[in-house]
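The following exercises are to be worked with the sequence and the model in view. Each task is followed by a solution in steps.

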Amino acid sequence: MLALVEGALGPGADPRAAEHGLSMVLHPGLGAAPLRWLALAVAAGEAPRWAAELLLAGVSCLGAGDTLRVTVARSLEPVEALRAERQRALGLGGGDRGNYQEHFQVLCRETQDPVTRTGRAWFAFALARRWAGLDALREPPEDPVDAWLATTAAFLVGESDERLVAHAQGLLDPVASGLPRLVTVVARELTEVVARPRLLQWAHLRCAAERDHASAAIRAWLRAASEAEPEEPLETSRTLGPEPTRAARAAAEAQVQAGEFLLDWYVSDREARSTVDRWAAKVLRVYHRLRGARLLARVLSTPGVRL
């Protein structure tokens with residue numbers, strides 16, 4: 001993994017090396033089985049912990065998509081020391097396939113867990129357009145990468161992007177000398193994140209305004225479709241009582257599972273919704289690169305481990 005990271009992000013790196021490196025993470029015949037064996041060895045004390053940390057850090061720095069990152073994170077479940085990193089790798093995603101709701105459900109499984117508090121608040125504000133999420137992000141998280149994510153929410157409401165860029169630069173400084181291409185890649189992706197801020201803010205406000213009307217109507221329909229038959233007979237035969245259809249029950253179950261995020265996330269203004277969703281995917285990609293850089297810096301501080 002060290003060789004793959006250095007070949008893709010080190011001095012004189014090949015631009016195609018990152019894609020090739022990610023293709024080598026899973027075994028062509030055994031899949032993720034070797035990763036699970038490594039995790040069991042680390043949990044049993046037969047392998048150093050930094051080996052598992054390096055694996056997750058490497059795929060994050062190389063820009064792995066949601067599917068590969070989740071596969072690696074699930075394979076490392078036996079390593080208790082990586083629990084916080086695993087939770088973030090599993091929950092903070094959804095931009096590749098537009099399945100933000102599924103990842104939000106992962107974040108909500110342990111609602112009192114402080115590890116995923118920032119992620120839940122960021123999803124609630126950026127994608128579900130709940131302004132209470134922004135209030136929760138005003139208190140800076142202890143984790144520096146989570147603090148960067150909270151800064152993106154402030155950018156979404158019109159605050160300067162200078163703090164956003166400076167914070168990312170500070171997170172990359174420990175590995176900048178050994179992985180200069182990582183700094184270049186993050187700078188390019190960060191430029192896309194902060195581009196056209198007024199359009200982004202306008203699209204987010206449009207989604208929030210429409211969400212309030214659409215979600216209210218959907219919730220009213222759900223209540224009508226899910227309530228029991230009235231005990232008293234109807235006054236007129238022309239009035240039809242609500243019938244809980246299969247679609248109504250499925251929608252109600254989705255509402256409970258996702259904490260109403262599904263209803264708040266969906267709006268019919270496709271242009272505005274797509275603008276915000278694409279921005280969120282870019283933010284999450286940079287977030288995982290920064291998290292990988294921080295984890296990699298910790299690995300490289302181990303005696304005997306170097307690029």
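**Exercise 1.** Determine which residues of α11 and α16 meet, and describe how the two helices cross.

*Solution.* In this predicted model, the residues on the α11 side are A168, L171, L172, P174 and V175. Their partners in α16 are L290, A293 and A297. The next step is the geometry. Two packed helices are described by the angle between their axes and by the distance between those axes. Helix α11 covers residues 162–176 and helix α16 residues 270–300. Their axes come within 8 Å and cross at roughly 35 degrees. Finally, the crossing of α11 and α16 is left-handed.

**Exercise 2.** Identify the buried residues of helix α3 and the helices against which they pack.

*Solution.* Helix α3 spans residues 33–43. Within α3, the residues A33, L35, A39, A41 and V42 are buried. These buried residues pack against α4 (49–61) and α5 (66–75). After α3 comes G45, with a positive phi near 80 degrees.

**Exercise 3.** Is L205 buried, partly exposed or exposed, and to which surface patch does L205 belong?

*Solution.* First, locate the residue: L205 lies in helix α13. Second, classify L205: its relative accessibility is 43%. Buried requires under 20% and exposed over 50%, so L205 counts as partly exposed. Third, consider the patch: W131, L199, W202 and L205 form a nonpolar patch on the surface. Together these residues have about 420 Å² of accessible area. Helix α13 (residues 197–226) gives the most to this patch, with three residues.

Definitions and conventions. Residues are numbered from 1 along each chain as its sequence is written. This is a predicted model: local features need pLDDT of at least 70, side-chain atom pairs count only at pLDDT 80 or more; totals for chains, interfaces and linings use all residues. Side-chain values use heavy atoms; hydrogens and water are left out. Patches are made of residues with over 30% relative accessible area and no salt bridge: like charges are joined within 9 Å, nonpolar side chains (Val, Leu, Ile, Met, Phe, Trp, Tyr) within 5 Å. Accessible areas come from the Shrake-Rupley method with a 1.4 Å probe; for residues, only the protein chains shown count as cover. A salt bridge is a side-chain nitrogen of Lys or Arg within 4 Å of a carboxyl oxygen of Asp or Glu. Helices (H or I, at least four residues) and strands (E, at least two) are DSSP runs, numbered from the N terminus. Buried means under 20% relative accessible area, exposed over 50%, partly exposed in between (1.4 Å probe, protein chains only). Contact means heavy atoms within 4.5 Å. Axes are lines fitted to C-alpha atoms, for helices over the stretch in contact, and angles run from 0 to 180 degrees between N-to-C directions. A crossing is left-handed if the near helix is turned anticlockwise from the far one by less than a right angle, and right-handed if clockwise.
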